[in-house]
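Subject: Handover of a structure and findings

Dear colleague,

Please find below the structure that I am handing over to you. The findings follow directly after it.

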Amino acid sequence: MRNKILLVQPQQGSSGAFVRHIPLGLLYTSASLVKDGEPITIYDCRLNPRGWEEELRALIDAETLLVGISVLSGTPVAEASKISSIVKGVDPQVNIVYGGPHATFNPESILQNEPHADYVVSGYGNDSFHGLVQCLKSGSQPTDVSGIVYRSADGGIAVNPKVEAFENIPYQDIPYDLIDNYDVYGHVGHDSRIFSMYSVLGCPYLCTFCSSPAQYRDIPGKKWVPLDVANVVDHIEHVVDRYQANFIYFIDDDSFPNLKHVEGIMDEISRRELKVKLGFRGARINEIKRMSDEFLEKLVKAGTNTIHVGAESGSDRILKLIKKDCTAEDILECNRKLARFPEMKTLYNFLMGVPTETIEELNATRELMLAIVRDHPNSIIATPNRFRPLLNTELYDLAVEHDYVPPESASEWETQELENAASLPWVDEKMKKLMDMMLVGSYFVDRKATKVASGNTLVERGVRLIDRLYGPIGRWRMRTGNTVFFIELPMYRAANRMLKYLTPSFETNKPTLNTAETRAVMDC
Ligand code: B12
Ligand code: SF4
């Protein structure tokens with residue numbers, strides 16, 4: 001009888017070259033199945049970029065019931081398609097299940113465009129996937145399992161409604177033991193053992209480019225639910241004691257709507273004298289405005305090393321359009337405040353090319369990047385995101401009004417990436433050139449090489465060499481906005497491809513909290 005479940009983490013786009021986190025989506029979605037004793041194997045293609053196909057083939061046998069794939073929008077859609085055809089090539093009876101953020105928002109498009117996909121889990125995975133596996137084992141259709149989208153008997157696509165509630169998996173049930181080697185996960189230039197977790201669920205804001213408002217729209221009641229403080233810190237202690245975690249990344253959409261919540265966690269970490277560094281992935285300018293020096297001191301004292309801030313644009317009109325509830329001046333003011341706490345790296349996210357954005361507005365973003373680095377030398381300018389419309393967001397509708405044609409096939413999705421984003425109808429050649437220049441320039445404007453690549457791996461030495469040779473030109477271009485003879489993009493793409501093949505060599509993530517400084521990197 002077929003009962004084996006193989007879960008696969010595909011290769012990512014270029015951001016995956018710098019950040020290789022534990023495949024948390026696959027762990028969370030397996031929680032109930034592992035409790036039931038189902039045989040689950042996790043395979044991570046990112047760990048063997050040159051040879052994953054062969055390894056994957058070898059994992060399929062006559063007992064394999066299904067292969068589940070965790071898919072983000074962009075390159076992973078094309079990678080998932082490759083995985084599906086390899087699996088069906090070995091054994092057409094194996095069921096292919098898509099899950100993850102891309103599957104949540106595009107379930108029907110996946111089944112329409114990917115002939116090998118059999119089922120899609122749309123939304124939170126744990127309960128839905130558990131229900132689907134029971135059906136597949138008993139040979140029945142998942143007609144009553146929430147969140148499943150599948151091919152119906154009449155040749156159409158059946159869409160089961162989702163459970164409209166937040167998923168909260170007790171930390172004791174997260175099957176961390178499915179992963180046998182945690183040394184291979186981390187960030188370039190970040191030699192600590194990173195574990196990510198939630199301290200809150202949901203997000204109360206309505207940024208118009210982001211998929212979160214669409215994800216929580218139909219959940220009744222509050223859109224932002226803080227988790228129990230003691231329980232969050234128990235979770236931290238659990239991964240520290242059992243897996244030698246020494247860096248905790250809070251992957252909350254937004255951790256700070258209520259500062260008291262984070263303050264409680266900081267106090268509890270300090271009270272228990274936990275020796276961990278902390279990173280926060282979600283902070284907004286309107287929240288930083290409310291943070292007092294005492295609050296920021298507490299963050300630092302508890303070990304906060306990195307905080308990601310959505311700055312997004314230097315234009316007040318664009319900030320209003322994307323509903324960031326702040327102005328460019330607010331961003332500068334908050335940056336100066338954060339600069340007084342240099343132990344905590346501030347990583348700023350930016351967005352380029354939203355519908356109706358002008359070249360002057362994009363130049364205002366470039367100027368803002370320069371001002372941020374000038375005022376706060378320990379800040380990091382994340383590789384700016386090229387705007388890519390996500391289904392069910394307000395800006396998606398605006399993009400369609402401006403003649404945007406959404407991608408459908410896997411190869412079209414592959415062009416929705418930082419390094420090779422397909423052209424957008426409202427972005428002319430001049431603006432595209434400036435976006436390309438800012439993409440490359442962002443690596444040099446803040447002297448990233450010295451901040452994130454001070455180690456001795458091949459990748460880090462390569463990054464420093466590039467900074468020595470090209471850095472002065474990159475910084476000059478960023479200062480002046482000059483794109484004349486800008487021929488660097490193909491080289492940037494080649495370097496990115498190379499990096500992706502070399503990243504397995506950032507296996508330096510030993511628990512070395514006390515001996516090595518932890519560093520932040522460019523990110524999503
Ligand atoms: C860490 C992170 C990253 C990391 C690594 C991601 C990874 N998977 O390793 C990096 C930096 C690489 C990254 C990159 C990007 N990210 Co990101 N990222 C996140 C973040 C903060 C946490 C992801 C996570 O671990 N979540 C926790 C797990 C448990 O949740 P989950 O993965 O959604 O899994 C659940 C379900 O989706 C489902 N599930 C997941 N996999 C599977 C598989 C199967 C078989 C099944 C059945 C179910 C299932 O079950 C899980 C439990 O419910 C999320 C925001 C968030 N809080 O989730 C954004 C988020 C996923 N990212 C997002 C975006 C926009 C991006 C980028 C496009 C941004 C950019 N700079 O280019 C890129 C895309 C990269 C690419 N194309 O390769 C969006 C989603 C967009 C989308 N439609 O895919 C999110 C949701 C943020 C947001 N609110 O906009 N990201
Ligand atoms: S960008 Fe951040 S703050 Fe805005 S809606 Fe998305 S998750 Fe919430």
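Helices in this account are DSSP runs of H or I with at least four residues, numbered from the N terminus. Please note that the model is a predicted one.

Helix α9

Helix α9 covers residues 229-243, 15 residues in total. From its first C-alpha to its last, α9 reaches 21 Å, close to the 21 Å expected at 1.5 Å a residue. Its buried residues are Val232, Val233, His235, Ile236 and Val239. They lie on the same side of α9, because they cover an arc of only 150° around the axis. An α-helix has 3.6 residues a turn, so residues three or four places apart point the same way. The partners of the buried residues of α9 are β10 (194-197), β13 (247-250) and α10 (259-271), against which they pack. On the face turned away from the buried side, α9 carries the exposed residues Ala230, Asp241 and Arg242.

Serine 199

One of the buried residues of α9, Val232, is also in contact with serine 199. Serine 199 belongs to the loop between β10 and β11 (200-202). Is serine 199 buried or exposed? Serine 199 is buried, since 25 other C-beta atoms lie within 10 Å, and a count of 20 or more is what the term requires. Neighbours within four places in sequence left aside, its contacts are Leu227, Val232, Phe250, Asp252, Ser255 and Ile265. Serine 85, by contrast, is 114 residues from serine 199 in sequence and 38 Å from it in space, C-alpha to C-alpha.

The two domains

The chain is divided into domain 1 (4-159) and domain 2 (185-499). Their C-alpha centres lie 28 Å apart. The contact between them takes 23 residues from domain 1 and 24 residues from domain 2. On the domain 1 side, the elements that give two or more residues are β2 (19-20), α4 (75-90), α5 (101-105) and α6 (107-113). Of these, α4 gives the most, with 4 residues. By class, the residues on this side of domain 1 are 9 nonpolar, 12 polar and 2 charged.

The ligands

Ligand 1 is surrounded by 45 residues, of which the closest are Gly25, Gly68, Gly74, Gly99 and Gly125. Elements that give two or more residues to this shell are α1 (24-29), β4 (64-70), α4, β5 (95-99), α5 and α7 (126-138). The largest share, 5 residues, comes from α1. Both domains take part in the shell around ligand 1, with at least three residues drawn from each of domain 1 and domain 2. The shell divides into 19 nonpolar, 22 polar and 4 charged residues.

Which residues are found around ligand 2? They are Cys203, Tyr205, Cys207, Cys210, Ser212, Pro213, Asp253, Asp254, Gly282, Arg284 and Gly310. By class, the shell around ligand 2 holds 5 nonpolar, 3 polar and 3 charged residues.

Helix α14 (328-339) has 12 residues and reaches 16 Å from its first C-alpha to its last, close to the 16 Å expected at 1.5 Å a residue. Ala328, Ile331, Cys334, Asn335 and Leu338 are buried in α14. These residues line one face of the helix, because their directions fall within an arc of 120° when seen down the axis of α14. They pack against α11 (285-288), β15 (304-312), α13, β16 (345-352), α15 (359-375) and β17 (379-381).

Lysine 323 is located in the loop between α13 (316-321) and α14. Although lysine 323 is not a glycine, its phi is positive, at about 60°. Lysine 323 counts as partly exposed, because it has 15 C-beta neighbours inside 10 Å.

Phenylalanine 485 likewise has a positive phi, of about 55°, although it is not a glycine. Its place is in the loop between α20 (458-480) and α21 (489-502). Phenylalanine 485 is exposed, because 6 other C-beta atoms lie within 10 Å, and 12 or fewer is the limit for that class.

With kind regards

Technical notes:
Residues numbered from 1 in each chain as written. Chains lettered and ligands numbered in written order. Predicted model: local features only at pLDDT ≥ 70, side-chain atom pairs only at ≥ 80, totals over all residues. Domains from an automatic or database assignment. Contact = placed C-beta atoms within 7 Å. Nonpolar A, V, L, I, M, F, W, Y, C, P; charged D, E, K, R; others polar. Expected span 1.5 Å × (residues − 1). Arc of directions from axis to C-beta. Near = placed C-beta within 6 Å.
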